[in-house]
Amino acid sequence: MIYVFDAYGTLFDVDGAAREAASSDPTLTETWVELSADWRRKQLEYSWLRAITGDHADFWQVTSDALDWAAERHGASREQATRLLDLYRRLPAYPEVPAMLDRLRAAGGATAIFSNGSPLMLADATQSAGLSDRLDALLSVETAGRFKPSDEGYRIVTDHFGCEAAQITFVSSNGWDIYGATRFGFQTVWVNRAGLPVDRLPNTPRRILPDLTGLE
């Protein structure tokens, strides 16, 4: 079995940077939740717009641009934005992730990340979270130069493993990513941490889990 995971919001807690910054900076106490939400929203919006128009930039640039917007909206200083961006390279993994990966690998499964994140971002995040030895591959859309949910992106996975799409179990917390991956032919698992409704789109997830604890 081949298990391929989205990174941000699936394995790594995207609120972790703002939460950690606020823990040592009282001026962020009242704003960090909204700032983090706007940062993530703009990060995704910019990736979609760049995918549609073909005006590609790597995900680190997209992440930085999104933070600039969110920081201006919420009155964060340049120094605070710099610290937030640095912390984004070291996002924490969700608590259940290490044991889940160990369990899948012990059962003979291959494990990999496929993400919009740049190769350096993914290497930094997995090393910081102690996941490097638990993953067989870190696959980035940068190979194709186009963000998910494009077919060109998902094809990176099947090309890497030399398999058919249906042989891949793809796991993501993002409904739009699940839509694209299911459309491409992956067996999909939506990690619905927020308890959201299923998106009103074709190609719905094959399975829905509240977190990664029960993945098998």
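Student: How do the residues lining the largest pocket divide by class?

Tutor: The lining holds 10 nonpolar, five polar and six charged residues. Ala, Val, Leu, Ile, Met, Phe, Trp, Tyr, Cys and Pro count as nonpolar, Asp, Glu, Lys and Arg as charged, and the others, Gly among them, as polar. The model is predicted, so local features need pLDDT of at least 70 and side-chain atom pairs count only at pLDDT 80 or more, while totals for chains, interfaces and linings use all residues. Residues are numbered from 1 along each chain as its sequence is written, and side-chain values use heavy atoms, with hydrogens and water left out.

Student: What makes a space a pocket and not a cavity?

Tutor: On a 1 Å grid over the protein atoms alone, a pocket is an open set of points with protein on both sides within 12 Å along at least five of seven lines, whereas in a cavity a 1.4 Å probe fits but cannot get out; lining residues have an atom within 4 Å of a point. The largest pocket has a volume of about 480 Å³, that is, the space filled by probe spheres set on grid points joined across faces, edges and corners. Its lining comprises 21 residues, and Arg40, Ser173, Asn174, Ala194 and Leu196 come closest to the centre.

Student: Which element gives the largest share of that lining?

Tutor: Helix α2, with four residues. At least two residues each come from α2 (32–53), α8 (175–184) and β5 (187–191). These elements are DSSP runs numbered from the N terminus: helices are H or I of at least four residues, strands E of at least two.

Student: Why is aspartate 6 called buried?

Tutor: Its relative accessible area is 4%. Buried means under 20%, exposed over 50% and partly exposed in between, with a 1.4 Å probe and protein chains only; aspartate 6 therefore counts as buried. The residue sits in the loop between β1 (2–5) and α1 (16–23).

Student: How do you know that the side chains of aspartate 6 and asparagine 174 make a polar contact?

Tutor: The two side chains are joined at 3.0 Å. A polar contact is a pair of N or O atoms within 3.5 Å; within protein, one must be able to donate a hydrogen and the other to accept it, and residues adjacent in sequence count only if both atoms are side-chain atoms. The pair therefore meets the definition.

Student: Which residues beyond four places in sequence does aspartate 6 contact?

Tutor: Leu11, Phe114, Lys148, Phe170, Val171, Ser172, Asn174 and Asp177, where contact means heavy atoms within 4.5 Å.

Student: Why is glutamine 80 classed as it is, and asparagine 203 likewise?

Tutor: Glutamine 80 has a relative accessible area of 14%, so this residue is buried. Asparagine 203, at 32%, is therefore partly exposed. Glutamine 80 is in helix α4 (residues 78–88), and its side chain makes polar contacts with the side chain of threonine 27 at 2.7 Å and with the backbone nitrogen of serine 77 at 2.8 Å. Asparagine 203 lies in the loop between β5 and β6 (207–209) and has a positive phi, near 60°, though the residue is not glycine.

Student: What makes a set of residues a nonpolar core?

Tutor: The members are buried Ala, Val, Leu, Ile, Met, Phe, Trp, Tyr and Cys residues joined through side-chain atoms within 4.5 Å. The largest such core has 64 residues, of which Phe5, Tyr8, Trp39 and Leu215 touch the most other members. Helix α3 (residues 59–74) contributes the most to this core, six residues. Leaving out residues up to four places away in sequence, tryptophan 39 touches, among others, Ala17, Thr63, Leu67 and Tyr88.

Student: Where is the cis peptide bond at proline 149?

Tutor: The bond joins lysine 148 and proline 149, with omega about 15°. Proline 149 lies in the loop between β3 (137–140) and α7 (151–161).
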